[in-house]
Amino acid sequence: MKLVFAGTPEVAVPALDALLASGRHEVAAVVTRPDAPAGRGRRLVASPVAERAEEAGIEVLKPVRPKDPDFLERLREIGPDCCPVVAYGALLPRVALDVPAHGWVNLHFSLLPAWRGAAPVQHAVMAGDEITGATTFLIEEGLDSGPVYGTVTEEIRPTDTSGDLLTRLAFAGAGLLAATMDGIEDGTLKALPQPAEGVSLAPKVNVEDARVDWRAPALRVDRVVRGCTPAPGAWTTFRGERLKIVQARPVPERTDLTSGQLSAGKNNVYVGTGSYAVELLWVQPQGKKPMRGADWARGVRIAAGETLGD
């Protein structure tokens, strides 16, 4: 088939690579978000997908909005049979959805209908799910509600951050998306409606969602830290300033600390929760680089009874 691939961040690159390597389909163009300011100089930078497409000599389309007439005209000129999508980042209007004969097929990083929305991996980690996966489905105008072509499953490991898990899903999902394109072309794959039961939503995780509540049980604190790593980053406050919690570890044997209470030794620093303590392995003070929790504790000289949070 002739394909137009839509995607923007680094997590979409493995799927583009898989389609380019398949040798079976022609990736005629790539659709991605416009260049965005980045770094201290805030200079405009192309998306990872745009950079990869340019390396491969593929036409890159960067509409401000997918309903822009110039973009729609060019899409019709290319005449794709199908448009595979991975984390494109913009809502596709009906007029665009109707262009390819086989529609737009999205690779979503959850086992639909679980975790529909912008942040499925973060929510799966924060919810304590043991299994997640990736799904290919036909995009319709509802939120991640279209009929499903296929899935792959992935175990969520006890120490996984959302970044760890998303990296594995990006590569597993890339193979699934390529296989889905093959099945659509040869007619062996049919999209089936999603179950009505088991729907859960995964809206974007904002900074306030990433604030650690030390009154919560240790397992909940651990899940929030892992689910919000690398972004937006779990955080708390210490002496009125923000402190990012980069990595923590539940310590069931420490039950002597109250919620938020700190206890620092020579090589460790612990904080109490609503159940047992967690060890702060890595933290990032405001305006500084990440450092080991024990090094931070020595530097600030924690006083007896001091706490994290309000």
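I take a salt bridge to be a side-chain nitrogen of Lys or Arg within 4 Å of a carboxyl oxygen of Asp or Glu. The model I am reading is a predicted one.

**Entry 1: salt bridges**

I began with the pair D256 and R254, whose side chains meet in a salt bridge at 2.8 Å from N to O. I then noted a network in which R24, D182, E185 and D186 are joined by salt bridges that share partners. Over the whole structure, my search returned 20 salt bridges. As background, side chains of opposite charge can pair when their charged atoms come close.

Next I looked up R94. R94 forms a salt bridge with D98, and the closest N and O atoms lie 3.0 Å apart.

**Entry 2: a pair across the chain**

Which residue does R239 pair with in a salt bridge? The partner is E306, with 2.8 Å between the closest N and O atoms.

I checked the exposure of both partners. R239 has a relative accessible area of 49%, so I list R239 as partly exposed. E306 has a relative accessible area of 18% and is therefore buried, the cut-off for buried being under 20%.

**Entry 3: the largest pocket**

What is the volume of the largest pocket? I wrote down about 1100 Å³. The largest pocket is lined by 40 residues, and the closest to its centre are A87, G89, G117, A118 and A119. I also looked for the elements that give two or more residues to this lining, and they are α4 (94-97), β7 (104-108), α5 (120-126) and α6. Sorted by class, the lining of the largest pocket holds 25 nonpolar, 10 polar and five charged residues.

**Entry 4: a surface patch**

L143, V199 and L201 make a nonpolar surface patch of about 280 Å². Where is V199 found? I located V199 in the loop between α6 (162-186) and α7 (218-227). I recorded V199 as partly exposed because its relative accessible area is 40%, and a residue of a patch needs over 30%.

Definitions and conventions:
Residues are numbered from 1 along each chain as its sequence is written. This is a predicted model: local features need pLDDT of at least 70, side-chain atom pairs count only at pLDDT 80 or more; totals for chains, interfaces and linings use all residues. Side-chain values use heavy atoms; hydrogens and water are left out. Patches are made of residues with over 30% relative accessible area and no salt bridge: like charges are joined within 9 Å, nonpolar side chains (Val, Leu, Ile, Met, Phe, Trp, Tyr) within 5 Å. Accessible areas come from the Shrake-Rupley method with a 1.4 Å probe; for residues, only the protein chains shown count as cover. Helices (H or I, at least four residues) and strands (E, at least two) are DSSP runs, numbered from the N terminus. Buried means under 20% relative accessible area, exposed over 50%, partly exposed in between (1.4 Å probe, protein chains only). On a 1 Å grid over the protein atoms alone, a cavity is a set of points where a 1.4 Å probe fits but cannot get out, and a pocket is an open set with protein on both sides within 12 Å along at least five of seven lines; lining residues have an atom within 4 Å of a point. Grid points are joined across faces, edges and corners, and a volume is the space filled by probe spheres set on the points. Ala, Val, Leu, Ile, Met, Phe, Trp, Tyr, Cys and Pro count as nonpolar, Asp, Glu, Lys and Arg as charged, and the others, Gly among them, as polar.
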